[in-house]
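These are my notebook entries on a structure that I looked through chain by chain. Each entry records what I looked up and what I found.

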Amino acid sequence: MRFRTGAIAKRLLFIPVAVFIVITLAFGLVNLTPGDPALVIAGDLAADEQVAEIRAELGTDKPVPQRYAAYVRELFTERSLGTSFFTKRPIWDEITQRFPDTLELVVLGLLGAVLYGSLLGTLSSYFRRRWPDSLSRLSVTVTQSIPDFFMGLLLIYVIFYVVGWAPAPVGRIGLLDRPPERVTGAVILDTLIARDWGLLRTAFHHAMLPVVTLALFYSSHFAKTTRAVLSRALNSDQVEFARACGLSELRVVGYAFREARTPVVTYIGILFAALFGGAAIVETVFAWGGLGQWAIDAMLKLDVPAIQGFILVVGLLTLLVYLLLDLIVVALDPRVSYE
Amino acid sequence: MSRARLLLDRVRPERATTPEGPGRARQALRTLARGALSHKGLTVGFVVIVLILLTGFFAPLPHDPIQPNPESTLKSPDGTFWFGTDRFGFDVFSRVFASARLDLPIALAGTLLSIAVGIPLGLVASNKSRWSERIMRGLDMFQSFPLLVLAFAIVALTGNSLRNIIFAIALVNVPRFIRLVRSEALVLRESRFIEAATAIGASRSRVMLRHVMPNTMGIVLAQASLAAAHAIIVIAGLSFLGIGITPPDASWGVMIRVGSQNIATGQWWVSFFPGAMVFVTIVAFNMVADGVSRLIGRAED
Amino acid sequence: MAPAATSPPAPLLEVSNLEVQFRSRRRTVHAVNGVSFSIREGETVGLVGETGCGKSATVRAVIGLLKPPGRITEGAVRLDGTDLVDLPPRQLRQIRGASIGFVPQNPFGALNPVLRIERQFRNVIRSHRRGRPAEIRRTALAMLDAVGIADPERVLRGYAHELSGGMAQRVVIALAMVLNPRLVVADEPTTGLDLTIQRQILDLIRDLAETEGRSMLLVTHDVGVVAQYCSRVLVMYAGQVVESGPVRKVLTEPAHPYTEALLAAVPRRGERLVGAQGTVPTLLQLPPGCFYYDRCQYRSDPRCATETPALREVGPEHWAAVHYDIGADRPVSPLRAGSAPGSD
């Protein structure tokens, strides 16, 4: 009853269209862009027959509409994203194998970004034009101007090489550690399930730098949003009335924060979707071995089916997150439901 | 026309700081130029960008930026190699400055292209029709996509030529200009001077081109500066991954990539100096954006 | 009616020589310039004036909620003898809500949109004393009942947006008075409400004040409201109190030309409505003489242009900031006569 069924139905009806658009985008990006992947894969020295062979294997020797029909047919009848050109493994397996790793990184990184960013934004708006505001704005200026991969490298140098608090950037766990039994695929969760506390520590230790990198880089979004929304909210009538009723300043900020939560949650959703691809460079820097790093590898090698599959999956994931976001925002705000 | 001008002079929109009407674009630019001098951040940012660009092209560099010195590899900064050398023997100092020759022009070209495409699309999308709604929904989806990765994919698939990098940057930045110009145009259309122009019989396209578009220039300029900063990140990211500019060509991203293999063993200088340069450039662009939005009275504070 | 003037009880609230300024780097707005007044136990005092006359800043100074860059630069606000101006924030917070209840203008803006009403009651009560949820709930229910809410249970469960304007203002009043404050400050509590409901709300506020013997400062720009609900009235102009006294006296025999103009602006049947002329001084730079000089119909005394008049007693408990008595030679309706054609 709380949800506006009409609006939700509209969203749901839009989904098939959106799915269709994403499929076409994934296909079009690979097949309609100028340039011949086969030529690039074969290299400059390859003979014409070799190139033709690769073309046949990729399917790029057939006309585009035919390829599109084949692609869609394969998707829906065999539920297959195709196989990797290089590993010959099904793309779906490649993706599901790496997905949990990326999910862990994205969730932890976003959590850090939200906490740090909202703290900055709150301080900034509460102590407007005083020193905490200047300090937090400085942090925003700095973190938003350092590319995430460079930030990662700086952290590696300072925290690993100079101070020695972090382990070498070699992935989820040490090179000599035995990975936990694979249950969920997410290393931290799996060590929890295996009750391997030592390994859990190691996993957290290895996750520290990449998570901090993402958290710092994306905190600026949250800091700016929170500052803008909270500044307005702290000046609102309801905050004045709350103060007039003698509520403590902490409570008052809490009242104001409730007004800020919708935009913050929206931002979390947007970044969550974007980070599945967006964390790719950070994954590469820290040899994280997740979805993003795999996609970058695929792009460098021009593994056409892999690129296609990645874009499709990330696109669908984005759709899903946006739908959830709509529902959450409605659920968060009691006013929306009765309109 | 002159009567129209008179009328336009009298009816000003509510937003006092926005110059309005045709022929005001030049005046707006003059105001901007004058204001730039009175605004420290804007001046500093602008000067820094110009300096980086000029030194990249004209400054005498101590070493050849694309000629390695095989006998001095991975040297720490000293009197001969001020910023040290990388593991191939390239002089980091020379390359840091030479990188501006590629990175900055590409960023600016990509931004210009996205403006050139974004403004007309934004103006078209500001027509209130069902189609413009649909375009915006499509844009929503497109923008929600990890655009950075999309840019990587495009450059990887089309081959890494400068032209393709520019296209990719433009593509990534186009949505923000469409969105911006559209929302500006929607507001401007409601303002009184546009009503006046329509009332005296100016055609729709004329109103758009001569009245609405010039008035969006200030905010577009601010956004362009942010887009350029973003473009710098994209280029550096591309080259860092080995998809964009490749060695021996000098690019900040390439240099950071080369240095990344030595940073865990303590040779910080190879990555640090190009990274710092990226940082300075982005801060400079952000300062310009901030200054411009302050000048046209659109800053947050 | 207030008791005879022989031995007036000590005032509950005493504001003396209050000055409020809004300072920014470029300019200073002198919002309140030396305001003094007092409110006795059980008394309802009206504060009238046009928009921008400093009513709001005065009220915010009293409850200690001036928004920066506004601040009190001079004077004292004494509640029961304690000066609130220099009180540490923590103690001031304890006084707000518990000793001073505040009823704001816009009830919908004042209620938190995403918290249930019950939660808002709990937060207010818990800020001042301990209480079990069940007990707090009973208190809230009783209070809602007292402000005339028909179904308090349902209101407690719901959110602000489910209430009508009148109901929302009743809930706000209940929140403001749930801790039984001795002084209620109501800042134009009926703005934006339907005319019929305005009356109900004002009646309610008065009844709540009278039954508990509370004092009240009622801010309004409606002279009619003052006439009906207040025992004394303060007239503010350009950040100063220009006249104060018993309502009946001030409204029938105004001693300040501004009060007179304000009364003339109240529409009456069969008379032409006339606004005051001249301009209000900008509060950036205060004029050297009387603040009302520009608009005054009576100005003549040379002191009017050079010396700011102080409040002086013009009758029993009746004070006005004028240099001389306007009562004696007042025509029937000076403002109306002055605005006739050819008067300029």
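**Chain B.** I counted the secondary structure elements of chain B and found 12 helices and zero strands. Helices (H or I, at least four residues) and strands (E, at least two) are taken here as DSSP runs, numbered from the N terminus. Along the sequence, the pattern of chain B reads α-α-α-α-α-α-α-α-α-α-α-α. I then looked up burial: 49% of the 301 residues in chain B are buried. A residue is buried if 20 or more other C-beta atoms lie within 10 Å of its own, exposed if 12 or fewer, and partly exposed in between, with C-beta atoms placed from the backbone. Of the contacts in chain B between residues at least 6 apart in sequence, 71% join residues at least 24 apart. Two residues are in contact if their C-beta atoms, placed from the backbone, lie within 7 Å.

**Provenance and numbering.** I note that this is a predicted model, in which local features need pLDDT of at least 70 and side-chain atom pairs count only at pLDDT 80 or more, while totals for chains, interfaces and linings use all residues. Residues are numbered from 1 along each chain as its sequence is written, and chains are lettered from A and ligands numbered from 1 in the order in which they are written.

**Confidence in chain A.** Within chain A, the mean is lowest in helix 15, at 62, and highest in helix 7 (residues 148-163), at 94. Where pLDDT is low, the predicted coordinates should not be read in detail.

**Chains A and B.** Which of the two pairs of chains in contact shares the most contacts? I found that chains A and B do. Here 44 residues of chain A are in contact with 34 residues of chain B. Helix 7 of chain A gives the most to the side of chain A that touches chain B, with seven residues. By class, that side of chain A has 35 nonpolar, nine polar and no charged residues. Ala, Val, Leu, Ile, Met, Phe, Trp, Tyr, Cys and Pro count as nonpolar, Asp, Glu, Lys and Arg as charged, and the others, Gly among them, as polar.

**Chains A and C.** This contact takes 19 residues from chain A and 26 residues from chain C. Helix 10 (237-244), helix 11 (249-278) and helix 15 (334-337) of chain A each supply at least two residues of the side that touches chain C. Helix 10 of chain A gives the most, with six residues. Chain B and chain C do not touch, and their nearest C-alpha atoms are 14 Å apart.

**Helix 4 of chain A.** I checked the length of helix 4 (residues 64-77) of chain A: its 14 residues, at 1.5 Å a residue, should span 20 Å, and the end C-alpha atoms are 20 Å apart, which agrees. The expected span is 1.5 Å times one less than the number of residues. Helix 4 of chain A is hardly covered, with one buried residue among its 14 residues. R79(A), which follows helix 4 of chain A, has a positive phi, near 45 degrees.

**Chain C.** I counted 13 helices and 12 strands in chain C, and 44% of its 344 residues are buried.

Definitions and conventions: pLDDT is the predictor's confidence in each residue, from 0 to 100.
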